[in-house]
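Please keep the sequence and the structure in view while reading.

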Amino acid sequence: MRQKRQAERFVVCVRNKGHPASLELRKVYRVLADPEGEKLGLLRVIDEDGEDYLYPRAYFVPIAVGASAARAIAVAS
């Protein structure tokens with residue numbers, strides 16, 4: 001049986017206080033699942049360094065993208 005793949009999640013950065021080198025305003029970022037971080041109000045995103053870190057959820061707005069856009073964003077990040 002094939003395991004259902006979790007849908008990709010994306011957000012747009014709307015704040016970057018304290019992280020201007022790691023987060024670019026108005027840029028789309030891919031979100032990785034981190035249930036523990038989300039309980040604390042944090043999102044795990046792949047930042048400008050290509051690494052995943054936890055940032056405040058308030059720094060982002062969730063967006064919906066189609067499958068082809070999701071693939072293009074994932075390749076670019």
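## Strand pairing and the hairpin

Two strands are taken to pair if DSSP finds at least two bridges between them. In this predicted model, strand S3 (residues 42-46) and strand S4 (residues 52-56) run antiparallel and are joined by 5 bridges.

S3 and S4 form a hairpin with 5 residues between them, and in the turn Gly50 has a positive phi of about 80°.

## The aromatic cluster

A search of the whole structure finds 2 aromatic pairs. In one of them, the ring centres of Tyr29 and Phe60 lie 6.3 Å apart with the planes at 75°, and because planes over 60 degrees apart count as edge-to-face, this pair is edge-to-face. Tyr29 belongs to strand S2 whereas Phe60 belongs to strand S5 (residues 60-63), so the pair ties together parts that are 31 residues apart in sequence.

The rings of Tyr55 and Phe60 have their centres 6.4 Å apart and their planes at 65°, so this pair is edge-to-face as well. Through these ring pairs, Tyr29, Tyr55 and Phe60 are linked into a cluster. Are these residues buried or exposed? Tyr29 counts as buried because its relative accessibility is 2%, which is under the 20% limit; Phe60 is buried at a relative accessible area of 7%, and Tyr55 is buried too.

In soluble globular proteins, nonpolar side chains tend to be buried together. Here the largest nonpolar core has 10 residues, namely Val11, Cys13, Leu23, Tyr29, Val31, Leu43, Val45, Tyr55, Tyr59 and Phe60. The elements that contribute two or more residues to this core are S1, S2 and S3.

When residues up to four places away in sequence are not counted, Phe60 touches Val11, Val12, Cys13, Val14, Leu23, Tyr29, Leu43, Val45 and Tyr55.

Most residues other than glycine have a negative phi. Arg26, however, has a positive phi near 65° although Arg26 is not a glycine. Where in the chain is Arg26 found? Arg26 is in the loop between strand S1 (9-13) and strand S2 (28-32). With a relative accessible area of 68%, Arg26 is exposed, because exposed means over 50%.

Methods. Residues are numbered from 1 along each chain as its sequence is written. This is a predicted model: local features need pLDDT of at least 70, side-chain atom pairs count only at pLDDT 80 or more; totals for chains, interfaces and linings use all residues. Side-chain values use heavy atoms; hydrogens and water are left out. Helices (H or I, at least four residues) and strands (E, at least two) are DSSP runs, numbered from the N terminus. Buried means under 20% relative accessible area, exposed over 50%, partly exposed in between (1.4 Å probe, protein chains only). Rings of Phe, Tyr and Trp (its six-membered ring) pair if their centres lie within 6.5 Å; planes under 30 degrees apart count as stacked, over 60 as edge-to-face and the rest as tilted. A nonpolar core is a set of buried Ala, Val, Leu, Ile, Met, Phe, Trp, Tyr and Cys residues joined through side-chain atoms within 4.5 Å. Contact means heavy atoms within 4.5 Å.
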